[in-house]
Protein chains: 2
Amino acid sequence: MAEGRLMSEQSKQPAIILVRPQLGENIGKAARAMLNFGLTDMRLVAPRDGWPNPAAGPAASGADIVLENARVFDTVEEAVADLSHVYASTVRDRDMPKPVVTPREAAQQMHAVIGKGQTTGILFGPERSGLTNDDVVLADTILTVPVNPGFGSLNLAQAVILTAYEFHHLADGTPAYQPSHPEGTASKDELLGLMEHLEGELDKRGFFRSEDRRATMRRTLRNLIQNAGFSRQEVFTLRGVVKSLARPPRDRQDD
Amino acid sequence: MAEGRLMSEQSKQPAIILVRPQLGENIGKAARAMLNFGLTDMRLVAPRDGWPNPAAGPAASGADIVLENARVFDTVEEAVADLSHVYASTVRDRDMPKPVVTPREAAQQMHAVIGKGQTTGILFGPERSGLTNDDVVLADTILTVPVNPGFGSLNLAQAVILTAYEFHHLADGTPAYQPSHPEGTASKDELLGLMEHLEGELDKRGFFRSEDRRATMRRTLRNLIQNAGFSRQEVFTLRGVVKSLARPPRDRQDD
């Protein structure tokens, strides 16, 4: 039952296909990268050191469900057999007649493929050498992360995490910007109370010097308070601060 | 001279500020993550095991320039002193009156800050515990990567790479989609040549059976060839394939 649900969820996300991965540790790191962004369909093609690999678990940092459900295949052909649209993740230009897309474009395409009820997956090559050209031929589209042209050194888990992140981002509902005070800022009444309180105490001390200067300085202070976006609680705190500053220091011990 | 140029480049990108980092290896991985996306201004606040740290170099996989130019500070206050807009990277909700943004929104804001000639940076906390609330207070804005709510386990270098990736992405000119054949597809003339060649050979063999069927099937084949987006070279290859198939197998040895 739980397995059935997992399978049905997996058809709605790209399979992450590690082709001839070398180190178990990197398989674990890739699993962790995947699960951070909700991906669980890991496929391993001819892992160098066999499977399961005891080095994978510790590196997965708790993403055990991904490793436990990983499927092993002998060939890339078998690993992609049930998929409709396959990407090949490469770092260098292959001079192959295939479209090349960024992870962001791939994420959009993959959501569109899945939206049509089809399935998709991404091939990642071995740590050192990457995918062979014969692996790449099996893909529809090449996926390349645009990196610093002077230093392109993405490892396997990093390539996986950037791709998974982009896929997750498109479906994620987190607002790009959440304001400081989700409960809203102070009312005009509360702000005016603070302004008048402050102005009153400053007036008593001759801060404004002349009526002319008073008008200008009052606007400066009112703009400053107005624009700060204070919450009700913050206005309350500032009223206490003004009150405290208006007392002579020796009062402190009496509080 | 080279150092002067580096400093001037650095003011156009966010400083990556690792606060009380524990393992040298993670400092190296963060440096590698940064340089992949062109960031070089690393700042270390009170690294636990001192600085330089021999474990950092190997983990940086060649991003030595970042480590060599890293600046060490005793406090977060000193590390952010020259910056105008500071982000605090956190994974959990801090219930603090600060805006919370995604890495993508932060990237846009940072480019805007830099565009105004101001400077920016991002605080990343120690591996285990993350930033303290007193660290976070020094920031303008909280930066949180939206992850799988059931499994949020981003490590330091992963948080750095996602943030650096988003900053780089905004300024990077790589097209989201590059077509299969940058040189363009075959001309209509070349496609028509292939169609007629194929139809001629099929006609000789009675493939179309009736005139009625011929019209339908011809449209099917012509659409199929038309829509495939073949290059000139691919059309040439396919002409050779049709020619070869049209020969009896015994001819093969004569070639």
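Helices (H or I, at least four residues) and strands (E, at least two) are taken here as DSSP runs, numbered from the N terminus. With that settled, let us walk through the model.

## About the model

This is a predicted model, in which local features need pLDDT of at least 70 and side-chain atom pairs count only at pLDDT 80 or more, while totals for chains, interfaces and linings use all residues. Residues are numbered from 1 along each chain as its sequence is written, chains are lettered from A and ligands numbered from 1 in the order in which they are written, and side-chain values use heavy atoms, with hydrogens and water left out.

Chain A is divided into domain 1 (3–169) and domain 2 (188–246), with bounds that come from an automatic or database domain assignment. Taken over C-alpha atoms, the centres of domain 1 of chain A and domain 2 of chain A are 59 Å apart.

Glu183(A) sits in the loop between strand S8 (177–178) and helix H9 (188–204) of chain A. Gly206(A) is found in the loop between H9 and helix H10 (211–227) of chain A. The two are 23 residues apart along the chain, and 37 Å separate their C-alpha atoms.

Glu183(A) has 60% relative accessibility, so it counts as exposed. Gly206(A), with a relative accessible area of 43%, is partly exposed.

## Salt bridges between the chains

Side chains of opposite charge can pair when their charged atoms come close. A salt bridge here is a side-chain nitrogen of Lys or Arg within 4 Å of a carboxyl oxygen of Asp or Glu. Over all chains, the whole structure holds 26 salt bridges.

Which residue pairs with Glu166(B) in a salt bridge? The partner is Arg104(A), and the closest N and O atoms are 2.8 Å apart. Glu166(B) counts as buried because its relative accessibility is 1%. Arg104(B) and Glu166(A) also meet through their side chains in a salt bridge (2.8 Å, N to O). That pair runs between chains too, from Arg104(B) in helix H6 (residues 103–115) of chain B to Glu166(A) in helix H8 (residues 156–171) of chain A. Glu166(A) is buried, at 2% relative accessibility.

## Salt bridges within a chain

In chain B, the side chains of Arg71(B) and Asp41(B) form a salt bridge (3.1 Å, N to O). Arg71(B) belongs to strand S3 (residues 71–73) of chain B and Asp41(B) to the loop between helix H2 (24–36) and strand S2 (42–45) of chain B, so this pair ties together parts that are 30 residues apart in sequence. Arg71(B) is partly exposed, with a relative accessible area of 30%, whereas Asp41(B) is buried at 4% relative accessibility. In chain A, salt bridges that share partners link Asp41(A), Arg43(A), Arg71(A) and Asp82(A) into one network.

## Backbone details worth a look

A cis peptide bond, with omega near 0°, runs from Trp51(A) to Pro52(A). Pro52(A) lies in the loop between strand S2 (42–45) and helix H3 (56–60) of chain A. Chain B has a cis peptide bond joining Trp51(B) and Pro52(B), where omega is about 0°. Here Pro52(B) is in the loop between S2 and helix H3 (56–60) of chain B.

Positive phi values deserve a glance as well. Arg20(A) is not a glycine, yet its phi is positive, about 45°. Arg20(A) is placed in the loop between strand S1 (15–19) and helix H2 (24–36) of chain A, and is partly exposed with a relative accessible area of 29%. Ser61(B), another residue other than glycine, has a positive phi near 50°. Ser61(B) is located in the loop between H3 and helix H4 (64–68) of chain B, and is partly exposed at a relative accessible area of 34%.

Terms used:
Buried means under 20% relative accessible area, exposed over 50%, partly exposed in between (1.4 Å probe, protein chains only).
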